[in-house]
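Here is a short report on one structure. Look at the model first, then read on.

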Amino acid sequence: MRRTRADAEGVAPDPAELMRRVGRGDESAFERLYDVLIGPLFGSIRRIVRDPAQSEEVAQEVMVELWRSAARYSAERGSVLTFAMTLAHRRAVDRVRSAQASADREDHVGRRDVGRPFDEVAEQVTTRLEQEQVRRCLGTLTELQRESVMLAYYGGRTYKEVGELLDTPLGTIKTRLRDGLIRLRDCLGVA
């Protein structure tokens, strides 16, 4: 970065003069203007936006806007700091409003989509139809097969427990269950 006599003497550069030079496309003046303004801008933006990453983005947008609008700056309308702080405040408020609007939209959509009645009804109808079909198919089993299937699958018992409860050998229980499940599969049309 090029140092001027004012820098060497420890005198702060005049922001209005820097803005005029930036308006003519002087990149080194923009670097110096950045150094002068970024602290107050970032602090102001951070108080509004709160999120450090978002604050950095807004500060960058403000500095880009200063670069683009430097030629339109008029010292009669206010100081460079006031001009920059106004831009920063507006951008920060816009960012907060945009984030809030986005959150509100997501919240609204989320509430609207919760518990759609027709989905619940369709699920209930499907469940009832499947239950009726299973009951009908259980009716096609022999009494011994039905009793074994009901104890094992609806009663939550092991094959061994079913055998002990019915006082029947384990091999017989396994055969009844296998044959009963094959008949249920065929009746329900399961591949």
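The crossing of α2 and α3 is left-handed, a term for a near helix turned anticlockwise from the far one by less than a right angle, with right-handed for clockwise. This is a predicted model, in which local features need pLDDT of at least 70, side-chain atom pairs count only at pLDDT 80 or more, and totals for chains, interfaces and linings use all residues. Residues are numbered from 1 along each chain as its sequence is written, and side-chain values use heavy atoms, leaving out hydrogens and water.

**Helix pairs**

Helices are DSSP runs of H or I with at least four residues, numbered from the N terminus. Axes are lines fitted to C-alpha atoms over the stretch in contact, and angles between N-to-C directions run from 0 to 180 degrees.

| Pair | Angle | Axes apart |
|---|---|---|
| α2 and α3 | about 140° | 8 Å |
| α8 and α9 | about 110° | 9 Å |

The angle makes α2 oblique to α3. Angles under 35 degrees are roughly parallel, over 145 roughly antiparallel, 65 to 115 roughly perpendicular, and the rest oblique. α8 and α9 are therefore roughly perpendicular. Their crossing is right-handed.

Contact means heavy atoms within 4.5 Å. In α2, the residues that meet α3 include Leu 18, Met 19 and Val 22. On the α3 side, Phe 30, Leu 33 and Val 36 are among the partners. For the other pair, Tyr 159 and Leu 166 of α8 take part, among others. Ile 173 and Leu 177 are among the residues of α9 in that contact.

**Nonpolar cores**

A nonpolar core is a set of buried Ala, Val, Leu, Ile, Met, Phe, Trp, Tyr and Cys residues joined through side-chain atoms within 4.5 Å. Buried means under 20% relative accessible area, exposed over 50%, and partly exposed in between (1.4 Å probe, protein chains only).

The largest core has 23 residues, and Ile 45, Val 62 and Leu 66 touch the most other members. Helices α2, α3, α4 and α5 each give two or more residues to this core. The largest share, seven residues, comes from α3. Beyond its neighbours within four places in sequence, Val 62 is in contact with residues including Leu 41, Ile 45 and Ala 84. A second, separate core has ten residues, among them Leu 138 and Ile 173.

**The disulfide**

A disulfide is a pair of cysteine sulfur atoms within 2.5 Å. The count is one. Cys 137 is joined to Cys 187, S to S 2.0 Å. Cys 137 lies in α6 and Cys 187 in α9, 50 residues apart. Cys 137 is buried at 0% relative accessibility, whereas Cys 187 is partly exposed at 22%.
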